[in-house]
Amino acid sequence: MNDVRLRPLGRTDLRVSPLCLGGNVFGWTADESTSFKVLDTFVAGGGNFVDTADSYSAWVEGNSGGESETVIGRWLAERGRPEGLVLATKVSGHPEFPGLSAANVHAAVDASRARLGVEVIDLYYAHHDDPGTPLAESARAFSELVDDGRIRYIGLSNHSPGRIREWLDICADQGLHAPVCVQPHYNLMERGVEEDLVPLALERGLSLLPYFGLARGFLTGKYRRGGAEVDSPRAGTARAYLDDPRAELVLGALDAVAARNGVSPASVALSWLSDRPAVASVLASARNTDQLTDLMAVNHLRLDEESTELLSEDSGPGGSGVS
């Protein structure tokens with residue numbers, strides 16, 4: 001099925017699939033051949049939004065950063081760019097391009113464009129806040145990239161609501177191109193952004209594109225008390241969610257809704273997230289095409305009101321029914 005209903009990204013002309021394919025695994029836990037298959041399957045299923053970063057995957061022994069962008073660039077060169085594909089990448093974490101100074105942002109974007117093999121990057125994120133660089137300097141640098149035609153739109157990731165608001169105010173005051181979206185850590189087990197970031201996004205017309213939508217794999221349902229060990233580099237952090245008093249309630253709700261809809265718990269968790277206020281698309285990565293199948297369901301699955309309320313209540317503070 002490729003009749004995916006695309007969604008607007010902020011106040012832009014970009015339209016994106018409900019699932020954004022995370023590229024952090026490319027060149028890490030997915031080799032180039034497997035990565036190509038995942039990308040092929042994603043596009044064939046109607047996905048049009050791929051996310052990466054210049055720092056992926058510098059943390060792996062033998063890697064230096066930029067591996068994911070390089071894999072995606074080779075895929076684009078070999079396959080040809082699919083019509084309507086929206087490509088996002090980020091700056092500030094590459095070992096050779098740290099931070100958000102103007103000089104670094106201008107240098108890093110050209111390195112990313114070269115690895116990706118594209119003239120223009122659709123969406124360029126400030127990956128992490130850089131307290132050592134004045135926000136006004138960073139804001140001007142990103143805005144200049146839009147003026148230069150090197151990027152189309154600006155995004156923020158891992159910035160506090162206060163810093164996001166300050167960046168937006170600088171842009172308004174100085175007539176700069178402003179960020180159009182934010183990547184927050186947000187899922188059924190991590191809902192703190194609903195207190196401050198979600199209201200800010202709704203107020204300022206920002207789209208949210210949550211990452212870790214499956215809580216590092218916990219919301220797939222693979223991690224259970226007394227269950228088998230899971231072979232994953234994120235197994236430790238995922239299993240830690242079992243110490244949360246809401247864990248059993250959330251897993252039970254996911255199981256019930258998944259059985260009702262004939263899908264997996266992962267599909268349910270992402271669908272719940274994709275329909276939260278201000279959310280345009282949810283990020284998730286797949287090491288192989290088998291993992292991708294459950295993720296792709298979010299492009300079509302829509303939960304009924306009863307299912308949504310059950311998940312919201314059981315994942316609220318203490319599973320208290322606060323959604």
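**Phe212 is placed in the loop between β11 (207-208) and α7 (235-239).** The model is a predicted one, in which local features need pLDDT of at least 70 and side-chain atom pairs count only at pLDDT 80 or more, whereas totals for chains, interfaces and linings use all residues. Residues are numbered from 1 along each chain as its sequence is written, and side-chain values use heavy atoms, with hydrogens and water left out. Helices (H or I, at least four residues) and strands (E, at least two) are DSSP runs, numbered from the N terminus. Most residues other than glycine have a negative phi, and most peptide bonds are trans. Phe212, however, has a positive phi, near 55 degrees, and Ala215, found in the loop between β11 and α7, also has a positive value, near 50 degrees. With a relative accessibility of 0%, Ala215 counts as buried, while Phe212 counts as partly exposed at 22%; buried means under 20% relative accessible area, exposed over 50% and partly exposed in between, with a 1.4 Å probe and protein chains only.

**Aromatic pairs number 7 in a search of the whole structure.** Tyr186 and Trp272 make an edge-to-face pair, with 6.4 Å from centre to centre and 70 degrees between the planes. This pair links distant parts of the chain, 86 residues apart, since Tyr186 belongs to the loop between β10 (181-183) and α6 (193-204) and Trp272 to helix α9 (residues 265-274). Both Tyr186 and Trp272 are buried. Tyr211 and Phe212 also form an edge-to-face pair, at 5.1 Å centre to centre and 65 degrees between the planes. Rings of Phe, Tyr and Trp (its six-membered ring) are paired here if their centres lie within 6.5 Å, and the planes count as stacked under 30 degrees apart, as edge-to-face over 60 and as tilted for the rest. Tyr211 counts as buried because its relative accessibility is 18%.

**Trp28, Tyr56 and Trp59 are linked into a cluster by ring pairs.** The peptide bond that leads from Tyr56 to Ser57 is cis, with omega near 0 degrees. Ser57 is placed in the loop between β4 and α2.

**Helix α2 covers residues 67-79 and has 13 residues.** From its first C-alpha to its last α2 reaches 18 Å, close to the 18 Å expected at 1.5 Å a residue, where the expected span is 1.5 Å times one less than the number of residues. Its buried residues are Glu67, Ser68, Glu69, Val71, Ile72, Gly73, Trp75 and Leu76, and what covers them includes α1 (32-44), β4 (49-51), β5 (86-91) and α3 (102-116). Just after α2, Gly80 takes a positive phi of about 85 degrees.

**Helices α2 and α3 pack at an angle of about 45 degrees, with their axes 7 Å apart.** Axes are lines fitted to C-alpha atoms, for helices over the stretch in contact, and angles run from 0 to 180 degrees between N-to-C directions. The two helices, α2 and α3, are therefore oblique to each other, given that angles under 35 degrees count as roughly parallel, over 145 as roughly antiparallel, 65 to 115 as roughly perpendicular and the rest as oblique. Where they meet, α2 contributes Glu69, Thr70, Ile72, Gly73 and Leu76, and α3 contributes Ser112, Arg115 and Leu116. By class, this contact has 3 nonpolar, 3 polar and 2 charged residues.

**Helix α9 is mostly covered, with 10 of its 10 residues buried.** The buried residues of α9, among them Pro265, Val268, Leu270, Trp272 and Leu273, pack against β1 (7-8), α6, α8 (247-261), β12 (282-284), α10 (289-296) and α11 (305-314).

**Val279 is placed in the loop between α9 and β12, and Ala280 lies in the loop between α9 and β12 as well.** Val279 is buried, with a relative accessible area of 9%, and Ala280 counts as buried at 3% relative accessibility. Leaving aside neighbours within four places in sequence, Val279 is in contact (heavy atoms within 4.5 Å) with Arg7, Tyr186, Leu208, Pro210, Leu273 and Ser274. With its neighbours within four places in sequence likewise left aside, the contacts of Ala280 include Arg7, Pro8, Leu9, Pro18, Ser207 and Leu208. The C-alpha atoms of Ala280 and Pro18 are separated by 6.5 Å, although these residues are 262 apart along the chain. Val279 and Leu292, by contrast, are 13 residues apart in sequence and 21 Å apart in space, C-alpha to C-alpha.

Note on methods. Ala, Val, Leu, Ile, Met, Phe, Trp, Tyr, Cys and Pro count as nonpolar, Asp, Glu, Lys and Arg as charged, and the others, Gly among them, as polar.
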